[in-house]
Amino acid sequence: MSPMKSKIIFSKIIPILLFCVISLASCGRGANTVPSVRFDRTTAFENMTEIAEIGQRHSGSEGALSTVELIEKKLTEYGVPHFRDEWYEDTAYGKILFRNVVAQIKVPGKNNLILLGTHYDTKKLENCPGFQGANDGASGVAILLECSRILLESRAKLKKNLEIVFFDGEECMFSYSEKDGLHGSKRHLRKLIERGEKCDAVIITDMLADADLDAIIPSESDSKLAAILLKTASELGVSKHFRQKNINMVDDHCPFLEVGIPSLLLIDFNYGPNSIFWHSSGDRLENVSEQSLGISGELLYHFVIKITSN
């Protein structure tokens, strides 16, 4: 064969070989291109922003109703089954109309459930211009809305039913007591007991979008759940943001703990220097972070997958 013919044949073979290599590589990628389910921090932050911009959302207010309607709208968009539970209750501040929103992800043939909860109401602050409840109120809702979407997509991985509850009335008007605070979680516990359903665990999230994320698991939380959550944080490489702390806290996990249901609270109570942004005009969007929201949401999703897969 002459050198000229050799060059011509070689020049024709090279593009064919390259095409085959590229095609095989594409086929290989195609076999693994099933998109993994991930927490969309951008969407979550957009939802948090929309909620925070409602402003005051204390129980019984127009802002609280607007928040409920927004939660319901998002759950409908995501295709997550849900219902509203409304009731009047005598409180330290008089009779108030409360509303819980309950989303359900059911697994065929399963009876036991895991409950995820957060509160959407804000503290009633009379003279606090600019208060948005961006972290204390909106962040937990944003995380659970996005988790409801991706957990529904991950239903095939679940071995337990999920209830995702957006509680009203977590905040007390004066000081926590039998008729002041934790109204939504107490109500939902009574409903669970009436339904005769077995709740294996309760996970409560609160204030998890602080730009300087330093979330804790208080000491009254269930130790086994705490260990699983911290191990999950380590596996995701975000351990520096989550730790246990020897402190007791009042939040929506307490009613469930009191009846013996393993429960855990994940909260970043160190909000601003000496918590100066908590229950103040400092609880605004400029003091929260999309990154922190995403870290918290991603951790919660993987944690829930673990405890519902056993």
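Predicted model: local features only at pLDDT ≥ 70, side-chain atom pairs only at ≥ 80, totals over all residues.
**Close-up 1. The largest cavity and the residues around it.** The space inside the largest cavity comes to about 30 Å³. How many cavities of 30 Å³ or more does the count give? The count comes to 1. If you sort the lining of the largest cavity by class, you find 2 nonpolar, 3 polar and 3 charged residues. Wondering how such spaces are found?

**Close-up 2. The largest pocket and its lining.** Here we move from a cavity to a pocket. The volume of the largest pocket is about 220 Å³. Its lining is made of 17 residues, and those closest to the centre of the pocket are E170, Y176, V250, F269 and W278. Which classes of residue make up the lining of the largest pocket? There are 9 nonpolar residues, together with 6 charged and 2 polar ones.

**Close-up 3. The second largest pocket.** This pocket has a volume of about 160 Å³. To find it in the structure, look for its lining residues: I114, K160, D200, A201, D222, K224, L225, I228, P262, I307 and N310. Two elements, β5 (199-206) and α6 (223-235), each give two or more residues to the lining of the second largest pocket. Which element provides the largest share of this lining? That is α6, with 3 residues. By class, the lining of the second largest pocket holds 6 nonpolar, 4 charged and 1 polar residue.

**Close-up 4. Where helix α2 meets helix α8.** Helix α2 covers residues 41-52 and helix α8 covers residues 290-308. Their axes come within 9 Å of each other and cross at roughly 115 degrees. Angles from 65 to 115 degrees count as roughly perpendicular, and α2 and α8 are therefore roughly perpendicular to each other. The handedness is worth noting too: α2 and α8 make a right-handed crossing.

**Close-up 5. The residues that join α2 and α8.** From α2 come R41, T42, A44, F45 and M48, and they meet E290, Q291, L293, G294 and I295 of α8. What classes do the residues of this contact belong to? The contact of α2 with α8 has 5 nonpolar, 3 polar and 2 charged residues.

Note on methods:
Residues numbered from 1 in each chain as written. Heavy atoms only, no water. Axes fitted to C-alpha atoms, helices over the stretch in contact; angles between N-to-C directions. Helix = DSSP H or I, 4+ residues; strand = E, 2+ residues; numbered from the N terminus. Parallel < 35°, antiparallel > 145°, perpendicular 65-115°, else oblique. Left-handed = near helix turned anticlockwise from the far one by under 90°. Contact = heavy atoms within 4.5 Å. Nonpolar A, V, L, I, M, F, W, Y, C, P; charged D, E, K, R; others polar. 1 Å grid on protein atoms, 1.4 Å probe; cavity = no way out; pocket = protein on both sides within 12 Å on 5 of 7 lines; lining within 4 Å. Points joined across faces, edges and corners; volume = space filled by probe spheres on them.
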